[in-house]
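Good morning, and thank you for coming.

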Amino acid sequence: MPATVGRRPGRLAPVHRVTSGIDRRTVVRVGIVAAVAYAAWLAIGLFGRPYNFFDMKIYHGAVVWWASGHELYEFIAPDTTLGFTYPPFAGLVMLPMAHLPVEAAGLVNAAASLAALAIVLAALLRPIVDRLAWPLWFSVAIAVPLAAAIEPARETLGYGQVNLLLFALIMADLVGLRWRSRRGTHATDDDGPLLRFIYSGAWAGAGIGLATAVKLTPALFIAYLMITRQWRVAATAVGTTIAVTVGTFGIVGAESRTYFGSVLWQTERVGAADMTPNQSLAGLLARLYDSIETPGLLWFAFAVLILALGLSRAGNAHADGDELTAFTLVGLTANVISPISWTHHLVWVIPAIIVLADAAVRRREASRGLAYRTGPAQPNGGLPGVNGLRPPIWYPTLTGLRHGVAALGLYLLFLISPIWPYEHQLPEVSHYQDGLFGALMENSLAVALIVLVAGLPWRPGAEPAFHADRMGRAVVAARR
């Protein structure tokens, strides 16, 4: 009988060996990632707006204008009244894109923003997925399209904004605080001085400083660092901001004097307070009063109250060992109290969703453990069930439900973004044109931000970012 009878053709053997070596779970996970990415793409098309790099065209036109010898802050985009509103350091950072077509500049910015989002999500999810024994790559691959589909991220990507890049700079300092609290335990004797410096976290604060030099609102993180007595990190942030700003003065002094002398105070350059995409407290109050301008005294009173509440809760979260929630509260507070917070500024809802989801899982895990260890005493002094333990009952399933529902509800709110069907513009159309329900929908994102500042839970001991001399309090809190 020929040797080949009863055997598969030899040319198919390599294919068989390859397919048999593939982990079926990996194939399923790749399929899930593809399905989630496709669903996110459909959601952006369904709930998003037409995107054509509108803001990037302004930035690109401004730096091209500047590179050709004109004054940076004199530029006005064609068919608009909008010009360059960032500090001159941001102009220097954006200057190289003057050599690219505007579409290419927008695509480069989108790619860099998505990469920054992926890195941030990997850093934020790493402690959670390690605890749950989930693959990091799979978790991040799902989280990136889900995060990119919601209002702040898709607006940032579609309009060519820089918010995800600034978000990554600030969250880099959170990673630096993690490493600093461990005194560089990631480093080995074989690592060079540069790697040892990086793993030491001594640079923590530089990201906040750079972000503040590009956009002033991250300065609230410096105030938070001072309140929580993280003096070295605060000094690094302040020093970075001053060094970059002074250095920019030395390079482009005329533009720096123009910006800090006049442009910074021209709030009308960015738009009217009552515009629907302005989901800050000032925008909320202007729309409630059906006015183009915000009632100043009322806004100041509520802004101070929310500032005190947000920083106080952030300080408590820090003291209880949850630095991620502390950073998130500071970012959300900055969104609320800023006179203008466009929807693409609201990237701090991304870590808020993560915190809520993790709080739900932690509470369910804790309740499951208690279900096995508690129960009415038995005549022999033991507990019901096998070996003194009882099987889990119904309540562990419900424990953490409100946090899980809050996480899902927050995600869906910013995915659907119900403000746009009820967008109005004074003086042509009143903000009450669609009644109280329409007014609520038009302000729904602003209301959600205020609720998060007041009620976002922290997770004691989940994210300690300070050294061992203060670790004891977090350990005690984690054992509660």
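**Loops, helices and enclosed spaces**

Please look at Asp 79, which sits in the loop between α3 (54-67) and α4 (88-94). What you see is a predicted model. The phi angle of Asp 79 is near 65°, which is a positive value in a residue other than glycine. Is Asp 79 buried or exposed? Its relative accessible area is 83%, and the threshold for exposed is over 50%, so Asp 79 counts as exposed.

Ala 133 also has a positive phi, of about 60°, although it is not a glycine. Ala 133 belongs to the loop between α5 and α6. With a relative accessible area of 67%, Ala 133 is exposed.

Let us move to another loop. Pro 427 lies in the loop between α19 and α20. The peptide bond that leads from Leu 426 to Pro 427 is cis, with omega near 0°. His 431 is found in the loop between α19 and α20 (435-442) as well. Here the relative accessible area is 1%; since buried means under 20%, His 431 is buried.

Which residues surround His 431? Leaving aside neighbours within four places in sequence, His 431 is in contact with Asp 274, Arg 287, Asp 290, His 424, Leu 426, Ala 439 and Glu 442. One of these, Glu 442, also makes a polar contact with His 431, side chain to side chain, at 3.0 Å.

Next, a residue within a helix. Ala 237 is placed in helix α12 (residues 231-251). Because its relative accessibility is 0%, Ala 237 counts as buried. Not counting residues up to four places away in sequence, Ala 237 touches Gly 205, Ile 208, Gly 209 and Ile 222. Ala 237 and Leu 210 are 27 residues apart in sequence, yet their C-alpha atoms are 7.8 Å apart in space.

I turn now to the spaces inside the model. How many cavities of 30 Å³ or more does a search of the whole structure find? The search finds one. The largest cavity holds about 240 Å³ of space. Its lining consists of 17 residues, and those nearest the centre are Lys 215, Thr 217, Asn 335, His 345 and Trp 348. By class, nine of the lining residues are nonpolar, seven are polar and one is charged.

Two helices, α8 (163-181) and α16 (323-337), each supply at least two residues of this lining. α8 gives the most, with four residues. As for α16, its 15 residues reach 21 Å from the first C-alpha to the last, close to the 21 Å expected at 1.5 Å a residue. α16 is also mostly covered, with 15 of its 15 residues buried.

Thank you for your attention.

Technical notes
Residues numbered from 1 in each chain as written. Predicted model: local features only at pLDDT ≥ 70, side-chain atom pairs only at ≥ 80, totals over all residues. Heavy atoms only, no water. 1 Å grid on protein atoms, 1.4 Å probe; cavity = no way out; pocket = protein on both sides within 12 Å on 5 of 7 lines; lining within 4 Å. Points joined across faces, edges and corners; volume = space filled by probe spheres on them. Nonpolar A, V, L, I, M, F, W, Y, C, P; charged D, E, K, R; others polar. Buried < 20%, exposed > 50% of the residue type's maximum accessible area, 1.4 Å probe, protein only. Contact = heavy atoms within 4.5 Å. Expected span 1.5 Å × (residues − 1). Polar contact = N/O pair within 3.5 Å; in protein donor to acceptor, adjacent residues only side chain to side chain.
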